[in-house]
Amino acid sequence: MARKPIVGGNWKCNPAKLADAKALVEAWKGKGFDKEKVDVVIAPTALHLGTVKGELESIGMQVASQNVGKNDMGAFTGEWTAGHLTDMEIGWTLIGHSERRSKYAESDEDTATKVEKCQAAGVKVIFCIGELLEEREAGKTDEVNKRQLAAVLPKITNWDLIVIAYEPVWAIGTGKVA
């Protein structure tokens, strides 16, 4: 059976104020979509997530964390675990986003560990893959994407809990079409 299409929205580090986050959610009310035909998953900032979660869910959207830690509970300042997401009833997380890979040195092995933790906790994952502009220009698109996938494939035990999102780094905010 085919998976229901999914539309995801990552707020990144926006908006600047909670009032703006609430206004954005308010603007979506009444716009409508058929939640039987499409899943809409929104990833607010970590600080806004708890506040806007209920309102997003009330209009049929699901929420995601923009990140999850690769560790279990412990002395990991600023991190949260798949178990935290489960406890907070946050059903989705992003893993492997290009900004996490390029700006925070998140490795393929890190993403694999995170996927494994989420699989065990029952958290759904939007797993991001994609190449840099220089990799695309060097003809390495397939090589990069295969490498990124190869690390996580052995960790996936339940395909119902994972969506693979191709997001080439060179296309983010550039106006270039992938």
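Biologist: Which residues touch the most other members of the largest nonpolar core?

Modeller: This is a predicted model, in which local features need pLDDT of at least 70, side-chain atom pairs count only at pLDDT 80 or more, and totals for chains, interfaces and linings use all residues. Residues are numbered from 1 along each chain as its sequence is written, and side-chain values use heavy atoms, with hydrogens and water left out. A nonpolar core is a set of buried (under 20% relative accessible area, 1.4 Å probe, protein chains only) Ala, Val, Leu, Ile, Met, Phe, Trp, Tyr and Cys residues joined through side-chain atoms within 4.5 Å. Of the 27 residues in the largest one, those touching the most other members are Leu-56, Ile-95, Val-115, Cys-118, Val-125 and Phe-127.

Biologist: How many residues of β2 are buried?

Modeller: Strands are DSSP runs of E, at least two residues long, numbered from the N terminus. From β2, Asp-39, Val-41 and Ala-43 point one way, while Val-40 and Ile-42 point the other way, and all are buried. The strand is thus mostly covered, the number of its buried residues being five of five.

Biologist: Which residue is the bridge partner of Asn-10 in β2?

Modeller: Strands pair if DSSP finds at least two bridges between them. β1 (residues 6-10) and β2 pair in the parallel sense over five bridges. The bridge partner of Asn-10 in β2 is Ala-43.

Biologist: Which residue in β3 stands opposite Ile-42?

Modeller: β2 is joined by two bridges to β3 (residues 62-65), and these strands run parallel. Opposite Ile-42 stands Val-63.

Conventions: Buried means under 20% relative accessible area, exposed over 50%, partly exposed in between (1.4 Å probe, protein chains only). Helices (H or I, at least four residues) and strands (E, at least two) are DSSP runs, numbered from the N terminus.
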